[in-house]
Every structure is written in structure tokens, then in C-alpha cells.
Amino acid sequence: MVTGLERAILQKMLFERFIGAKHTSADNIPKGFPKHQRRQAKKALKNLVRQGYITPKATSYGLEVSLNPHRLTEIMQHIKN
């Protein structure tokens with residue numbers, strides 16, 4: 001089950017096409033949300049990684065994230081609902 005904030009993160013990443021080999025910094029994900037929700041957005045991002053919807057990539061300069069291309073149909077269903 002995906003919460004509203006997690007759905008917004010998935011929608012944002014899908015809109016920007018961060019899928020598979022195209023990554024973005026995990027620090028950039030909360031920037032699109034209001035300041036009072038940014039801490040919750042970081043927790044929601046970690047939860048999405050745990051659930052397998054987002055794949056992390058450790059780099060020398062920080063954590064990069066992208067949508068899991070194998071679960072793209074599930075992600076689109078969560079966004080529509």
C-alpha cells in the first residue's frame with residue numbers, strides 16, 4: 001500500500017523519467033515539497049526503497065535513486081488510484 005506522499009514521489013520521478021539507468025540524487029526528491037513535509041518525504045523515499053519501487057545506487061558523492069523498471073506497471077497503477 002502506498003501513501004499519498006509516496007504516490008507524489010513516484011509521480012514526480014515518473015514525470016521526470018528517472019527510470020532504470022537515469023538517476024537523481026536522493027537529496028533532490030524532497031525539494032519539490034513544502035518545507036514542513038520534507039522530513040516526511042525523506043522517510044517516504046526510504047520506505048519506497050524498502051518496498052522495491054525505487055532502486056538505490058551508492059556513489060562516491062551520495063545516494064542516487066531511480067524507479068525500478070521491472071515494477072513500472074505497479075507504479076503506474078498506484079499513481080492512477
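## A first look at the fold

The protein chain has 3 helices and 3 strands; here helices (H or I, at least four residues) and strands (E, at least two) are DSSP runs, numbered from the N terminus. Before going on, note that this is a predicted model, where local features need pLDDT of at least 70, side-chain atom pairs count only at pLDDT 80 or more, and totals for chains, interfaces and linings use all residues. Residues are numbered from 1 along each chain as its sequence is written, and side-chain values use heavy atoms, with hydrogens and water left out.

Starting at the N terminus, the elements of the protein chain come in the order α-β-α-β-β-α. The radius of gyration of the protein chain is 12 Å, close to the 12 Å that the globule rule gives for 81 residues, so the chain is as compact as a globular protein of that length. That radius is taken over C-alpha atoms, and the rule is 2.2 Å times the number of residues to the power 0.38. Along the principal axes, the C-alpha atoms fill a box of roughly 35 × 30 × 20 Å.

How much of the protein chain is buried? Buried residues make up 35% of the 81 residues, with buried meaning under 20% relative accessible area, exposed over 50%, and partly exposed in between (1.4 Å probe, protein chains only). As for contacts (heavy atoms within 4.5 Å), residues 24 or more positions apart account for 59% of those with a separation of 6 or more.

Now for the strands. Two of them pair if DSSP finds at least two bridges between them, and the pairings look like this:

| Strand 1 (24-25) and strand 3 (62-67) | antiparallel | 2 bridges | Ser25 and Glu64 |

Arg17 lies in the loop between helix 1 (4-15) and strand 1 (24-25). Although Arg17 is not a glycine, it has a positive phi of about 60°. Most residues other than glycine have a negative phi. With 59% relative accessibility, Arg17 counts as exposed.

Another arginine, Arg71, puts its charged end over the ring of Tyr53, 4.2 Å from the ring centre. To qualify, NZ of Lys or CZ of Arg must be within 6 Å of the ring centre and within 35 degrees of the ring normal.
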